[in-house]
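Please open the two-chain model in a viewer and keep the selection panel at hand.

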Amino acid sequence: MIANRYIGSPVERFEDRRFLRGKGTYVGDLSRPGLLYAAILRSPRAHGRIRSIDATAALALRGAHTIITAAQIGSQVPRIPIRLQPLPVLVPYHQPVIAERKVRYVGEPIAVVLADSAAIAEDALDLIRVDIEQLPPVPDRHAAAKAEALLFEETGTNLAIRYIAAKGDPGRVWARADYVRRERFAVQRHTAVMLEPRGVLAEWDAAHGRLTVSGASKVAFFNRRILAEQMGLAEDAIDMVENDVGGGFGVRGEFYPEDFLIPFAARFTGRPVKWIEDRREHLIAANHAREAECELKIACRYDGTIVALQGDVYVDVGAYNRTNGMVGARNIAQFLSGPYRIPDIRIEASLLLTNKTPVGTYRGPGRFEADFFRERLFDIVARDLGIDPVEFRRRNLLTAAEMPYSIATITPYEHKDAFDSGDYRLTLDRCLQEIDWAEKSKLQGKLVDGRYQGLGIGCFIEGSAAGPRENARIELESDGTVSIFVGSSAVGQGLETAFAQIAADALEIPIDRIRGVFHGSTAFVREGFGSFHSRAVVMGGSAILLAAESFKQAVRTAAARQLGCEPGAVRLVEGRLAATPDGKSVSFAELAGGGISAEESFANSRHAYSYGAHAAHVAVDPRTGGVEVVDYVAVEDVGRIINPMLLKGQMVGAVVQGLGGALLEHLVYDDEGQLMTGSLADYLLPTASDFPSIRAVVTETHPSPINPLGAKGAGEGGVVPVGGVIANAVASALAPLNVQPHELPLSPSRIWHLIETAHEMQQQLRE
Amino acid sequence: MSMIHVRINGSEVADDVPPRLSLADFLRERRNLTGTHLGCEHGVCGACTVLVDGEPARSCLMLAVACDDRSVETIEGFAGDPVVAALRRTFHERHALQCGYCTPAMLITARDLILRKRAGSEREIRDGLAGNICRCTGYTNIVTAIAEAAQEIGKEAPNAQ
């Protein structure tokens, strides 16, 4: 058992000191002697065949050094593989690291220019003449399904794969159900847009055949494996270095074309090469997310008990499947049932290829979409049945007695999963209490100062703790302090602080005896699995617990040798001394000469599920369609709270990202596959003045039984229910006008149109 | 190339720069002042905010040659500045930063709001901060930290300009 001093306390962050002084070191801050700067020529067309690339004029530019195209890379242009749950059927859709004969989205890399400065490299891009024969674009999922134009002629289809999430057999219930309702919903394409653009700096040491790649993030060890294979190097000939990271949210750190192109360029030229993405480039090149539609039907008893859920989901995955492009769709299918008891489920999710930027995971992948679909559907159903929407949810939420609860199985890879622990009604009740639902719901649909008032609620689960393992190493430094090395990656979430808290408690030492927490880079531990699926604290933290036990044992053994006693008799005092009962002691610093170090791995094949509820109070102006979020409460139970300050920070930040997705953010394409929102003036991120009233409440009533910390993931849950909650609040507000939102984002123009359309329908009915 | 003389964080600097070099690139690449961050390079995100002659400016939209004979303050400066010192403390205590990328510019903008007495209420702070994007925190803790620092500075020097 851990002597608990730091876990659960709002320990202030170690990371802050450097960041507050402008001393953070992001990849863009790095420089090297002899550095070449890379700029990437990207396809201006959504779909076409490359006829020729003429770089003569570009190469004639003073300061331009080299141009790399598919021709320089060789006869076999490497493909980017799938990171998790790969399937042979997806292989044809893996992305080549540079366009060969075809281009399939605006932004696809065609050539890399290397020059003495970034400015010259960009000048040179303008001088490259690329002749592309335009092919008919596939701009959306409907065109993809028609298959008049194909992205991959060789497979004869634009349907990459269809996943099925199934539990029980809903086929038998429809005919005899009390009540059945069908609805269609859609979520728009949007994505993480972290503030620091991506970047890579690669250095090739020809003398030793070693490659160093800075700018690594999220899954450095996995990316190293891909890169080693693509470049024909041994894995341990490559060091991936994680620098400070300006936000990840799932999008940064996946293996992108540039993660091959820049290291390749460094080896090709024998000089260090740096590439830093600009914002327009980021918006067309980094993963998009969330674009999905569904057609659902639900069966219930008259008392509101859900009997079955069935339907089809269509996900526009863009032009390729790279690393994790399928995760959003499979998550929508598997988690459509959310935290509710639904005995019979069958959801089919079709992944459709279009001539748009490929999709990947963005915080709460698939869960944001699924929650919007489900929570919106539930409000519509509750209204039909004349049941209070809160009561409808309470009746169907899972309880502690039902844990572990098996959810739908995903095929084709037969992935079974179960919720680990919790009582999902507790967080709902807490949320209602925090927002004062009983009192505020009296405002539903009322017009106050010209604006309609509405309340919305939604419940969610957050998955975490993906396996297979995570590693941590603890080392005694020469001055008697300890350093922690871990395979988890930091993306700005305060990992160093959380891990120091866990380590200090496990080692029973004051936190200031920890010299540093070193994470992410491949040199720190034997193997690592990184930060995704809200796994960093659960997996890395658990690995630290195991390593701490081994470390303490190693210290006792070394001390026993010096003190001439049994290891079991040695007591560790405040992280400074190892002492015997009769008063002899040796300091940690003295023991350090012996090289004390312990590395352990925590393995896990199950998932830990956080859960909670959100509620919102909105005011909608019917004249403008504008929505003000008057109050917003997020409640989540995370099993074990490591640092409530960091946790609430994650939650509030995630809620505001979710509000961006619900109300503002939209990657809009035209029919030619051109992105219309390629700047931050067009792609609207939440600003400080948009959403002032967000409150986060955290609980830890049901620790996870599947890891020694009892922890569950905490970084993603805050975003998951926001779309559904806001849409339900808007629907409640505009109930007198008969408006039912079925699509996000709820921009002023969309709401205004919904109001107008509802009004026209009323008029027609009257006439 | 153009010769410019700029006072950066109190030190005189002379450099021969291409006319198209932005102030941000000048600071980052020629002066190694990498605390000034680039988030969009089109003047929306505010991460590159510095002071030019005491006024906040987007260093991505400003050319280095336009700073000839002017003074520039970056996050690496402000040594002994009581407002920035207070902000650093309240940002730390209130967990007003996560990835840290927007933070230097947030501090510079917040200092300006406090000194111009535009940090008197939450609404005022939020409106004043709307040109600085943070993608991590959701802003709540940033606003709280600025309000606390403003209150503290107001108490210490009620007539400070």
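## Domains of chain A

Select domain 1 and domain 3 of chain A: their centres, taken over C-alpha atoms, are separated by 43 Å. The bounds, which come from an automatic or database domain assignment, divide chain A into domain 1 (16-24 + 466-603), domain 2 (31-134 + 193-285), domain 3 (136-191 + 288-412) and domain 4 (426-464 + 608-767).

Residues are numbered from 1 along each chain as its sequence is written, while chains are lettered from A and ligands numbered from 1 in the order in which they are written. This is a predicted model, in which local features need pLDDT of at least 70 and side-chain atom pairs count only at pLDDT 80 or more, whereas totals for chains, interfaces and linings use all residues.

## Chain A as a whole

Display chain A as a cartoon. It contains 19 helices and 32 strands; helices (H or I, at least four residues) and strands (E, at least two) are DSSP runs, numbered from the N terminus. The radius of gyration of chain A is 27 Å, close to the 27 Å given by the globule rule for 767 residues, so chain A is as compact as a globular protein of that length. Here the radius is taken over C-alpha atoms, and the rule is 2.2 Å times the number of residues to the power 0.38. Along the principal axes, the C-alpha atoms of chain A fill a box of roughly 95 × 75 × 50 Å.

Of the 767 residues in chain A, 57% are buried. A residue is buried if 20 or more other C-beta atoms, placed from the backbone, lie within 10 Å of its own, exposed if 12 or fewer do, and partly exposed in between.

## Leu36 of chain A

Select Leu36(A), which lies in strand 1 (residues 36-42) of chain A. Is Leu36(A) buried or exposed? Leu36(A) has 23 C-beta neighbours inside 10 Å and therefore counts as buried. Leaving out residues up to four places away in sequence, Leu36(A) touches His65(A), Leu114(A), Ala115(A), Thr269(A), Arg271(A), Pro272(A) and Val273(A); a contact requires C-beta atoms, placed from the backbone, within 7 Å.

## Helix 6 of chain A

Select residues 220-231 of chain A, which form helix 6. Just after the helix, Gly232(A) takes a positive phi of about 65 degrees.

## The largest nonpolar core

Now show both chains. The largest nonpolar core has 304 residues, and those with the most contacts inside it include Ala38(A), Ile726(A) and Ile146(B). Such a core is a set of buried Ala, Val, Leu, Ile, Met, Phe, Trp, Tyr and Cys residues joined through C-beta atoms within 7 Å. Helix 15 (residues 536-563) of chain A gives the most to this core, with 14 residues. Then select Ile726(A): beyond four places in sequence, its contacts include Gly456(A), Ala616(A), Leu659(A) and Leu746(A).

## Where the chains meet

At the boundary, 42 residues of chain A are in contact with 39 residues of chain B. Helix 17 of chain A gives the most to the chain A side, with seven residues.

## Chain B

Chain B has five helices and five strands, running β-β-α-β-β-β-α-α-α-α from the N terminus on. Its domain assignment gives domain 1 (2-73) and domain 2 (82-156), whose centres are 22 Å apart over C-alpha atoms. Their contact takes twelve residues from domain 1 and ten residues from domain 2.

Finally, select helix 2 (residues 82-93) of chain B, which reaches 17 Å from its first C-alpha to its last, close to the expected 16 Å. Its buried residues include Val83(B), Leu87(B), Arg88(B) and Phe91(B). What covers the buried residues of this helix includes helix 1 of chain A, together with helix 3 (103-115) and helix 5 (140-156) of chain B. His95(B), with a positive phi near 55 degrees, follows the helix.

Terms used: Contact = placed C-beta atoms within 7 Å. Expected span 1.5 Å × (residues − 1).
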